[in-house]
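Open the structure in your viewer and keep the selection tool ready. The tour goes stop by stop.

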Amino acid sequence: MTEKIELTINGLSVLADKGMTILDAANRKGIYIPHLCHHKELEPIGACRLCLVEIQGEWKKTVISCKTEVKDGMEVLTETPEIQMMRQVNLELMIADHDTDCLNCYQNTKCALQRIADHVGMSKERFKRLKKPEELLPIDDSNPFFDFDPNRCVLCGICVRTCDEIQNINAIDFVQRGQGTKIAGFGDRPRLNSNCESCGECIVRCPVGALTEKDAKRPTHQVKTICSFCGCGCGLVLGVRDNKLVSARGDLGNQASKGRLCVKGRFGYKFVNHPERLTSPLVKKDGKFVEVEWDEALDLVADNFAKNKGDKFAGISSAKATNEDNYVFQKFTRAVMGTNNLDHCARL
Amino acid sequence: MTNTITELGDASTILAIGTNTTEAHPIAALQVKDAVRKGANLIVANPKEIDLCRFATVFLQHKPGTDVALLMGMMRVILEEGLEDKTFIKDRCEDFETFEKSLEAFDLDTVEKLTGVSQDKIIKAARIYATQTPSSTIYCMGITQHVHGTDNVLAISNLALLTGNIGKPSTGVNPLRGQNNVQGACDVGCLPNVYPGYQQVTSPDAKTKFESAWDAELSDKPGQTHTEIFDALLDGSIKSLYLVGENPVLSEANANHAIEAMEKADFMVVQDIFLTETAELADVILPGTAFAEKDGTFTNTERRVQRVRKAVDPVGEAKPDWWIACELAKRLKGKGFDFTNSSEIMEEMRSVMPAYKGISYSRLEKGGLQWPCLSDDHPGTPFLHVEKFGTASGKGIFKPLVYKKSGEETDQEYPLLLTTDRSLFHYHSTMTRRVYGLNVLGKEELLNIHPEDAAQLEIADDQKVRVTSRRGVVDVKVSITDKCLPGTVSMSFHFSETPTNLLTCCELDPVAKTPGTKVCAVKIETL
């Protein structure tokens with residue numbers, strides 16, 4: 001059993017596990033503490049300074065809740081006037097050079113910065129005074145699957161840590177200093193020319209609209225399935241809109257992949273929508289393929305197969321197809337065609 | 001895999017041999033990296049300096065085709081230093097003595113000479129594997145696609161038995177299966193020698209069981225394997241071919257042979273989702289459905305049966321593959337093909353496959369199940385061989401091994417060894433070549449060659465060269481890299497513009513009938 005810790009947050013008694021941070025304990029209790037750089041799968045770095053809280057009593061001080069462990073008897077306040085003021089300043093500095101054209105941002109209504117601004121409250125006057133004239137930095141659109149817009153980046157470092165801690169690729173990092181700080185590949189080269197593997201794990205975790213998928217569309221509904229490339233069997237959640245696949249994300253509940261995907265898993269589904277898909281049975285007539293109805297094609301195949309039953313027939317099945325497809329195929333080959341001349345690409 | 005992908009993350013030692021895991025199984029590779037982050041040792045054995053080497057405690061860059069020598073050398077060190085798991089060998093294994101005797105041929109001087117790996121590295125790897133347990137071995141086509149591929153796998157099995165690294169979490173003999181459902185296609189019996197659930201076609205009991213289940217007369221003669229089917233088409237003993245979702249024109253070793261064979265077929269049907277290079281050769285093409293257009297299950301490399309769900313309607317007139325086979329069966333008076341959905345097929349499958357007996361669509365709603373799953377309340381099996389092995393005696397069997405040369409050797413005319421590998425951005429070709437972005441990221445075939453060889457041949461980066469083997473010729477651009485061993489070059493086979501498999505060797509492993517794609521002698525000329 002995990003050791004339990006009793007503390008209060010904003011006067012509410014909270015039962016936390018030993019080793020938890022104040023932010024985790026608050027989240028579990030449903031108490032909102034604004035935060036941007038925290039991600040539950042990554043080590044905390046305490047970069048955004050938005051999750052400040054005040055601890056009362058013998059430990060009295062202001063701390064960042066994402067890196068402070070809970071202790072028995074701790075009394076935490078998340079919204080003292082002092083905390084609110086500090087948080088406001090932090091937020092305003094972030095928004096001062098943030099591209100606030102939210103309607104044209106894919107993360108509009110899903111954005112962590114919007115939620116924080118909504119919670120903290122923005123003063124129109126101060127915003128006007130702080131907001132710098134728009135001088136937009138160039139977007140890195142070199143990667144065929146996603147764009148990086150530095151004007152929407154809040155330097156939370158989640159993408160950097162994802163690339164390090166999860167992917168172990170370290171394609172990107174903070175570059176330059178102070179006002180000029182940004183996230184970039186080695187030598188500030190475009191992402192396409194970095195060692196980025198395009199897995200897209202950083203896009204998934206970006207709390208704002210800095211990293212977005214190209215041509216992204218919100219699906220109307222989603223379907224859980226399994227990726228069709230390699231044998232890892234990663235869980236895939238496909239987004240559908242107008243009977244077309246428009247998105248894919250990792251299935252966090254999948255036992256094999258735990259929500260992770262590679263470049264093929266995340267973006268490779270697009271072949272399904274490809275215009276060259278075969279849409280009708282084809283029969284070769286005078287050296288050219290001609291579209292025919294199913295009945296004609298099936299009759300023709302059955303007539304020809306009937307001529308070479310037994311060991312004159314061979315079936316090669318597909319390791320891309322389902323178990324059910326393959327089961328029926330081998331049953332057909334054995335029970336109907338009467339042969340064990342049957343294989344698939346397992347040896348290749 | 002005897003074990004589970006996520007168990008890799010908790011291993012103390014991982015031996016990755018003949019697998020370029022970050023390219024071919026990126027999500028399994030994340031577990032390897034996680035393990036290393038937590039302090040595990042990683043031993044990489046590969047002729048090429050692959051990306052995983054960045055994380056390796058020891059990198060054994062052995063010559064292609066010398067895996068048996070390398071592994072037997074490691075085992076000899078383990079025995080000489082008394083690091084073997086004596087209790088496990090005594091209680092759980094048999095035939096140890098003959099195996100031990102076969103190690104005599106693998107003194108480290110010989111092993112070093114054969115593999116090109118220094119003795120201190122072999123000793124270090126052996127010690128780590130035997131003492132820093134649990135140790136898990138992962139491997140892939142770099143082990144199997146050899147004329148002695150079966151021996152390579154047996155060597156891995158010997159190593160696991162010798163050190164007791166099997167039947168426990170985070171250990172095991174773990175092939176990373178290639179295709180999404182290659183495990184499942186094997187499980188359900190798309191193999192020439194076994195019915196569904198690996199029940200031998202030569203077993204009278206199995207034959208009777210399936211004849212009664214399917215209400216049909218069955219043949220007890222094992223059929224031809226993949227490569228043999230093409231041989232039989234060529235010699236005229238097989239006349240009709242029904243080929244589903246595969247593109248041998250690009251993927252078959254010595255592809256010219258396969259092309260010639262298919263051209264000779266009296267009648268050939270291809271069922272696919274695109275008009276592939278192979279489909280061009282067919283008499284009839286039937287449009288099947290892509291994974292997102294159908295219901296069913298896939299079984300991944302860790303034996304986990306998982307639910308595939310229909311997200312969109314099939315394009316045009318495309319039909320589920322099982323439906324097409326059922327329609328053909330009915331036209332040929334087959335009985336038992338009246339399935340109306342994939343769930344009914346699963347019900348029949350689990351009635352004849354003991355390992356799948358407990359797997360139903362309703363259970364799969366809650367998540368995948370790893371076979372063997374023997375009843376409706378069986379939880380599935382994350383790792384195999386806990387108490388006994390699947391042999392007649394229940395014991396793990398040590399196999400004595402000898403070093404065999406590869407089917408193909410270099411000579412004056414063909415002085416370089418070509419080995420095939422994979423790109424992260426492609427999976428074979430049919431699907432990924434039709435995703436625009438993947439072709440920006442992995443845009444063309446490249447021949448990887450060591451700077452010394454490049455200098456000797458006077459070729460520069462990006463230069464186009466002609467690669468010729470005893471079977472075929474392709475032209476390809478060069479990428480000079482010291483990640484290759486001198487004398488060894490590598491290419492992937494994702495591009496129809498550069499059909500690498502025109503070059504490769506289709507001499508087969510005598511047991512598994514797997515072609516020795518990984519070792520092929522070539523010459524390189526400037527254009």
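In which loop of chain B does Asn254(B) lie? Select Asn254(B): the loop runs between helix H13 (248-251) and helix H14 (255-264) of chain B. Bear in mind that this is a predicted model. Asn254(B) is not a glycine, yet its phi is positive, about 50°. Most residues other than glycine have a negative phi, and most peptide bonds are trans. Asn254(B) has 24 C-beta neighbours inside 10 Å, so this residue counts as buried.

Go to Asp286(A). Look in the loop between S13 and S14 of chain A. Asp286(A), not a glycine either, has a positive phi of about 50°. Is Asp286(A) buried or exposed? Asp286(A) counts as exposed, because it has 5 C-beta neighbours inside 10 Å.

**The sheet across two chains**

The order to trace is S14(A)-S13(A)-S11(B)-S10(B)-S9(B)-S15(A)-S16(A), seven strands in an open sheet with mixed pairing. Strand S14 (288-291) and strand S16 (342-343) of chain A are at the edges; each has a single partner strand, so one side of each lacks a neighbour in the sheet.

Two pairings here link the chains. Select strand S13 (residues 282-285) of chain A with strand S11 (residues 284-287) of chain B: they run antiparallel, joined by two bridges. Leu282(A) is opposite Ile285(B) in S11(B). Next, take strand S15 (residues 313-316) of chain A and strand S9 (residues 240-244) of chain B. These run parallel, with four bridges. Ile316(A) has Leu243(B) in S9(B) as its bridge partner.

**The whole contact**

Colour the two chains separately.

**Helix pair in chain B**

Select helix H3 (residues 67-80) and helix H7 (residues 119-131) of chain B. Their axes are 8 Å apart and the packing angle is about 65°. H3(B) and H7(B) are therefore roughly perpendicular to each other. The crossing is right-handed. Show the side chains: Gly73(B), Met74(B), Val77(B) and Ile78(B) in H3(B) meet residues of H7(B) including Ile122(B), Ala126(B) and Tyr129(B).

Step on to Pro134(B), in the loop between H7 and strand S5 (135-139) of chain B. The bond joining Thr133(B) and Pro134(B) is a cis peptide bond, with omega about 0°. Then find Pro372(B), in the loop between strand S14 (369-370) and strand S15 (396-397) of chain B. Here the peptide bond from Trp371(B) is cis, omega near 0°.

**Helix pair in chain A**

Move to helix H2 (residues 81-96) and helix H3 (residues 112-120) of chain A. Their axes come within 11 Å and cross at roughly 140°. That makes H2(A) oblique to H3(A). H2(A) passes H3(A) in a left-handed crossing. Arg87(A), Gln88(A), Leu91(A), Met94(A) and Ile95(A) in H2(A) meet Leu113(A), Ile116(A), Ala117(A) and Val120(A) in H3(A). By class, that is seven nonpolar, one polar and one charged residues.

**A hairpin and a covered helix**

Select strand S3 (residues 52-55) and strand S4 (residues 61-64) of chain A, an antiparallel pair with four bridges. Leu52(A) is bridged to Ile64(A) in S4(A). The hairpin has five residues between its strands, and Gly57(A) in the turn has a positive phi of about 75°. S3(A) is also joined by two bridges to strand S5 (residues 75-77) of chain A, in antiparallel sense. Across that pairing, Ile55(A) stands opposite Val76(A).

Finish at helix H5 (residues 158-166) of chain A. Its buried residues include Ile158(A), Val160(A) and Arg161(A). Among the elements that cover the buried residues of H5(A) are strand S7 (172-175) and helix H6 (201-205) of chain A. Asn168(A), after H5(A), has a positive phi near 60°.

Notes
Residues are numbered from 1 along each chain as its sequence is written. Chains are lettered from A and ligands numbered from 1 in the order in which they are written. This is a predicted model: local features need pLDDT of at least 70, side-chain atom pairs count only at pLDDT 80 or more; totals for chains, interfaces and linings use all residues. Two strands pair if DSSP finds at least two bridges between them. Axes are lines fitted to C-alpha atoms, for helices over the stretch in contact, and angles run from 0 to 180 degrees between N-to-C directions. Angles under 35 degrees count as roughly parallel, over 145 as roughly antiparallel, 65 to 115 as roughly perpendicular and the rest as oblique. A crossing is left-handed if the near helix is turned anticlockwise from the far one by less than a right angle, and right-handed if clockwise. Two residues are in contact if their C-beta atoms, placed from the backbone, lie within 7 Å. A residue is buried if 20 or more other C-beta atoms lie within 10 Å of its own, exposed if 12 or fewer, and partly exposed in between; C-beta atoms are placed from the backbone. Ala, Val, Leu, Ile, Met, Phe, Trp, Tyr, Cys and Pro count as nonpolar, Asp, Glu, Lys and Arg as charged, and the others, Gly among them, as polar.
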